[in-house]
Amino acid sequence: MVETKIRQIVDSIGGLHYEFNDWTRANSNIEFADLPVCVNVLPVAGDLSNKNGNLRDYPKCLIAFMDKADLDFEGSENEVTVNRMKGYAKKFILEVNRSGLFQPVVEDVPYSVVYDFLDANLTGIVIEVQLKESVGDCAQIL
């Protein structure tokens with residue numbers, strides 16, 4: 001299962017609370033969570049690859065790395081948090097590549113800076129990446 005593999009990678013990085021949910025439920029849960037947080041947003045699209053009877057899931061993932069921000073922040077203060085969260089995103093991509101759980105991410109990974117996006121006053125980045133399982137499910141077992 002892709003989500004379990006993503007959780008394993010986030011746990012290996014350390015220092016992040018992990019949340020797998022849609023944005024609405026994550027919004028409720030994050031308000032009381034330890035920070036910083038990694039939100040793996042429920043995928044809404046992807047591909048199923050079928051090669052030689054091995055089915056692999058290739059979800060298009062949105063993964064957010066966010067931390068607390070002051071309510072009335074200055075741009076320079078916010079930039080420090082954004083860069084720190086970008087560091088977690090970089091570690092995540094490196095761990096995806098080291099893990100062997102997914103095909104290496106070798107292309108560009110788009111990101112968006114987010115702030116004042118949820119009820120909790122958080123700032124950070126959201127990356128968009130299609131993770132491709134290295135090992136899938138055998139079609140005969142399904």
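Leaving aside neighbours within four places in sequence, which residues is Asn27 in contact with? In this predicted model, the partners are Leu118, Asp119 and Ala120. Here's a quick tour of that spot, the first helix and the nonpolar cores.

**Around Asn27**
- Asn27 sits in helix 2, which runs over residues 23-30.
- With the cut-off for buried set at under 20%, Asn27 counts as buried because its relative accessibility is 14%.

**Helix 1**
- Helix 1 covers residues 2-13, and at 1.5 Å a residue its 12 residues should span 16 Å; the end C-alpha atoms are 17 Å apart, so that agrees.
- Its buried residues are Val2, Glu3, Lys5, Ile6, Ile9, Val10 and Ile13.
- Look down the axis of helix 1 and those buried residues fall within an arc of 160 degrees, so they line one face of the helix.
- Residues three or four places apart point the same way because an α-helix has 3.6 residues a turn.
- Just past helix 1, Gly14 adopts a positive phi of about 80 degrees.

**Nonpolar cores**
- The largest nonpolar core has 23 residues, and the ones touching the most other members are Ile6, Ile63, Phe65, Phe92, Ile127 and Leu131.
- Helix 1, strand 4 (54-68), helix 3 (75-99) and strand 6 (122-130) each give two or more residues to this core.
- Take Phe92: setting aside neighbours within four places in sequence, Phe92 contacts Ile6, Ile9, Val10, Ile13, Ile63, Phe65, Ile127 and Leu131.
- There's also a second, separate core of 12 residues, with Ala26, Ile30, Val41 and Ala64 among them.

Methods
Residues numbered from 1 in each chain as written. Predicted model: local features only at pLDDT ≥ 70, side-chain atom pairs only at ≥ 80, totals over all residues. Heavy atoms only, no water. Helix = DSSP H or I, 4+ residues; strand = E, 2+ residues; numbered from the N terminus. Expected span 1.5 Å × (residues − 1). Buried < 20%, exposed > 50% of the residue type's maximum accessible area, 1.4 Å probe, protein only. Arc of directions from axis to C-beta. Contact = heavy atoms within 4.5 Å. Core = buried A, V, L, I, M, F, W, Y, C linked by side-chain atoms within 4.5 Å.
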